[in-house]
Amino acid sequence: MIRYAKPTTIDEALTLLGEASWSILAGGTDFYPTQGAKPFRENVLDINGLATLRGIAETDSHWLIGARTTWTDLVRYPLPAAFDALKQAALEVGSVQIQNVASVAGNLCNASPAADGVPALLVLDAEVELRSVAMVRHLPLEKFILGNRRTELQPGEMVTAIRVSKNAATGTSAFEKLGARRYLVISIAMAAARLTIEDGIVSNAAVAVGSCSAVARRLASVEAALRGLPVNGALVAAIQSASMDELSPIDDVRGSAEYRLDAAREIVARAVLGAAGHASDDKAVAA
Ligand SMILES: Cc1cc2nc3c(=O)[nH]c(=O)nc-3n(C[C@H](O)[C@H](O)[C@H](O)COP(=O)(O)OP(=O)(O)OC[C@H]3O[C@@H](n4cnc5c(N)ncnc54)[C@H](O)[C@@H]3O)c2cc1C
């Protein structure tokens, strides 16, 4: 018989996960569309009773985003400007109704190539906190998402938080999404950039693109080309000539591979200029 459980403590949830195989239900905005009208064949572990997993916290070394934190929670929470790209991505996830229930962690666990949260978390060097009865481990996001719908989540484990080191939560950032229309749309391509600018020079750059490979990727050559440049037209020139070998887009109903590569270069430039602009006017995304 299929079971449904809605634990109220993490210990209870982990004990259940250790005893049997469960599908984890958070906001359900990927879970239910994937399930469709099929009968349930697996136990359902509903994590919406785990109040301690909802919200954002700060320690001496990290920012912690609890696994049940919604996109709206994130947008409303005061965070450093380095998180602006993530907040801008949050405002692009589906509609306001989706953002009100869907979790940041669910976006990662669903592991869609078009998950809007991934590039913005990659440029923050985010880590995923995984818990089981036996242990807690932290994996860099790029090691957590293995491919289209595949993650490093092991039987008995759940994601309990996403954490960002305060060393990485520096500088300014921006996100750009290209869809077939402006609102409520799956990305054809999206990009996030985080820059640290000192005396008008880019001292550090982190750039990631999604929907142009099975898993969103950081662009090492673009990042290297941006470092040391003054904040002027040189940034766009460097992006135009840098290699983007990490990208391997496919042709699909939303766009051809060739179009995606062209579009990726353009939205990377816009995201970098957006991050640089935030640095000059020192604005943060307001709730
Ligand atoms: C109309 C609509 C529009 C959408 N538009 C966008 C969009 O524009 N951009 C975008 O990126 N996404 C979009 N989505 C997808 C979805 O809203 C997001 O991916 C969302 O962040 C998923 O979060 P959730 O809490 O609803 O996850 P759920 O649907 O509850 O779960 C998603 C998956 O993650 C697993 N999971 C969830 N939490 C955990 C956990 N703590 N530990 C382990 N596994 C877990 C679940 O088992 C499931 O496999 C859209 C969805 C809908 C229905």
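Let me start with a question: which side chain does the side chain of S203 join in a polar contact of 2.6 Å? The partner is E198. By polar contact I mean a pair of N or O atoms within 3.5 Å; within protein, one must be able to donate a hydrogen and the other to accept it, and residues adjacent in sequence count only if both atoms are side-chain atoms.

Before going on, a word on the source. This is a predicted model, in which local features need pLDDT of at least 70 and side-chain atom pairs count only at pLDDT 80 or more, while totals for chains, interfaces and linings use all residues. Residues are numbered from 1 along each chain as its sequence is written, and side-chain values use heavy atoms, with hydrogens and water left out.

Back to S203. This residue sits in strand 13. Helices (H or I, at least four residues) and strands (E, at least two) are DSSP runs, numbered from the N terminus. Leaving out residues up to four places away in sequence, S203 touches T196, I197, E198 and R227, where contact means heavy atoms within 4.5 Å. Its relative accessible area is 33%, so S203 counts as partly exposed. The cut-offs are under 20% for buried, over 50% for exposed and in between for partly exposed, with a 1.4 Å probe and protein chains only.

Two strands pair if DSSP finds at least two bridges between them. Seven bridges hold strand 11 against strand 12 (residues 189-198), and one of the pairs is T172 with L195.

D199 is not a glycine, yet has a positive phi of about 50 degrees. Most residues other than glycine have a negative phi. With a relative accessible area of 82%, D199 is exposed.

A111 also has a positive phi, about 55 degrees, without being a glycine. A111 lies in the loop between helix 6 and helix 7 (117-122). Is A111 buried or exposed? At 1% relative accessibility, A111 is buried.

Next, S173, which is in strand 11. At 0% relative accessibility, S173 is buried. A polar atom of the S173 side chain lies 2.7 Å from the backbone oxygen of A82, and the backbone oxygen of A81 is 3.4 Å from a polar atom of that side chain.

S173 also brings us to F83. Apart from neighbours within four places in sequence, F83 contacts W63, I65, L124, V164, A169 and S173. F83, L141 and F144 have the most contacts inside the largest nonpolar core, which has 58 residues. A nonpolar core here is a set of buried Ala, Val, Leu, Ile, Met, Phe, Trp, Tyr and Cys residues joined through side-chain atoms within 4.5 Å. Helix 1 (residues 10-19) gives the largest share of this core, five residues. There is a second, separate core of 28 residues, and L219, V222, A242 and I267 are among them.

Strand 6 (residues 127-131) has two partners to mention. Five bridges join strand 6 to strand 7 (residues 136-140), antiparallel, and a hairpin of four residues connects the two. Strand 6 also runs antiparallel to strand 10 (residues 158-165), again with five bridges. V128 shows both pairings: its bridge partner in strand 7 is L139, and I162 stands opposite V128 in strand 10.

Last, the ligand. How many residues surround the ligand? There are 30, and the closest are I24, T29, D30, F31 and S103; near means a heavy atom within 4 Å. Oxygen atoms of the ligand lie 2.5 Å from a side-chain N or O atom of D30, 2.6 Å from a polar side-chain atom of S103 and 3.0 Å from a side-chain N or O atom of K177. On its own the ligand has 980 Å² of accessible area, and the protein covers 84% of that, by the Shrake-Rupley method with a 1.4 Å probe; for residues, only the protein chains shown count as cover. The largest share of the shell, four residues, comes from helix 6.
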